[in-house]
Amino acid sequence: MSGEPGQVSVVPPPGEVEAGSGVHIVVEYCEPCGFEATYLELASAVKEEYPGIEIESRHGGTGAFEIEINGQLVFSKLENGGFPYEKDLIEAIRRASNGEPLEKITNSRPPCVIL
């Protein structure tokens, strides 16, 4: 029971620990390629879902849009040719915040749409 000496509550009281805290995301993107807007859009969606998350941006090489979660590469535009779907990144963050193993995101949306 909680309150007994030596026992720690597994579930923190509401508002004490934000979902996603302890998860560190690094997004490396090609600024001259115009990928900053995509980064900002993705970062906004992630922050909306996980306000306590730490997101760091870095300028990368030509064509890059690479995402690491806690030091593990989970998405590479250089490998996939497109950008990650928000839902896939949100799922990867959920897994990381729960201590589950991360898998590489292989689904990607095209980098541009021609109408």
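Is C30 buried or exposed, and what is its relative accessible area? C30 is buried, with a relative accessible area of 2%; buried means under 20% relative accessible area, exposed over 50% and partly exposed in between, computed with a 1.4 Å probe on protein chains only. The structure is a predicted model, in which local features need pLDDT of at least 70 and side-chain atom pairs count only at pLDDT 80 or more, while totals for chains, interfaces and linings use all residues. Residues are numbered from 1 along each chain as its sequence is written, and side-chain values use heavy atoms, with hydrogens and water left out.

**Stop 1: the whole chain**

Display the chain as a cartoon. Three helices and four strands are present, arranged along the sequence in the pattern β-α-β-β-β-α-α. Helices (H or I, at least four residues) and strands (E, at least two) are DSSP runs, numbered from the N terminus. Colouring by accessibility shows buried residues as 34% of the 115 residues. Of the contacts (heavy atoms within 4.5 Å) between residues at least 6 apart in sequence, 68% join residues at least 24 apart.

**Stop 2: the disulfide**

Select C30 and C33. Their sulfur atoms are 2.2 Å apart and form a disulfide, a term that here requires a pair of cysteine sulfur atoms within 2.5 Å. The count of disulfides by this rule is one. The link of C30 and C33 is right-handed, with 70 degrees about the S-S bond. Whereas C30 is buried, C33 counts as partly exposed because its relative accessibility is 34%.

**Stop 3: the nonpolar core**

Next, select I25, F65, I67, I69 and I93. Within the largest nonpolar core, which has 26 residues, these five touch the most other members. Such a core is a set of buried Ala, Val, Leu, Ile, Met, Phe, Trp, Tyr and Cys residues joined through side-chain atoms within 4.5 Å. Two or more residues come from each of β1 (24-29), α1 (36-49), β3 (65-69), β4 (72-76) and α3 (86-97). The element that gives the most is α3, with five residues. In soluble globular proteins, nonpolar side chains tend to be buried together.

**Stop 4: the surroundings of F65**

Keep F65 selected and show its surroundings. F65 counts as buried because its relative accessibility is 0%. Beyond its neighbours within four places in sequence, F65 has contacts that include V27, Y29, F35, Y39, L42, F75, K77 and F83.

**Stop 5: the aromatic rings**

Show the aromatic side chains. Rings of Phe, Tyr and Trp (its six-membered ring) pair if their centres lie within 6.5 Å; planes under 30 degrees apart count as stacked, over 60 as edge-to-face and the rest as tilted. Y29 and Y39 make a stacked pair, at 5.3 Å centre to centre and with 15 degrees between the planes. Y29 lies in strand β1 and Y39 in helix α1, so this pair ties together parts that are ten residues apart in sequence. Both Y29 and Y39 are buried.

Move to F65 and F83. Their ring centres are 5.1 Å apart and their planes stand at 85 degrees, so the pair is edge-to-face. F65 is in strand β3 and F83 in the loop between α2 (77-80) and α3, 18 residues apart, and the pair thus links distant parts of the chain. F83 is buried, with a relative accessible area of 2%. One aromatic cluster is formed by F35, F65 and F83.

**Stop 6: lysines over rings**

A charge sits over a ring if NZ of Lys or CZ of Arg is within 6 Å of the ring centre and within 35 degrees of the ring normal. The charged end of K77 sits over the ring of F83, 5.6 Å from its centre. K87 lies over the face of Y85, 5.7 Å from the ring centre.

**Stop 7: helix α3**

Select α3. Its twelve residues reach 16 Å from the first C-alpha to the last, close to the 16 Å expected at 1.5 Å a residue; the expected span is 1.5 Å times one less than the number of residues. D88, L89, I90, A92, I93, R95 and A96 are buried in this helix. The buried residues of α3 pack against β1, α1 and β3. Just after α3, G99 has a positive phi of about 75 degrees.

**Stop 8: N70**

Finally, select N70, in the loop between β3 and β4. Its phi is near 50 degrees, a positive value in a residue other than glycine. N70 counts as partly exposed because its relative accessibility is 43%.
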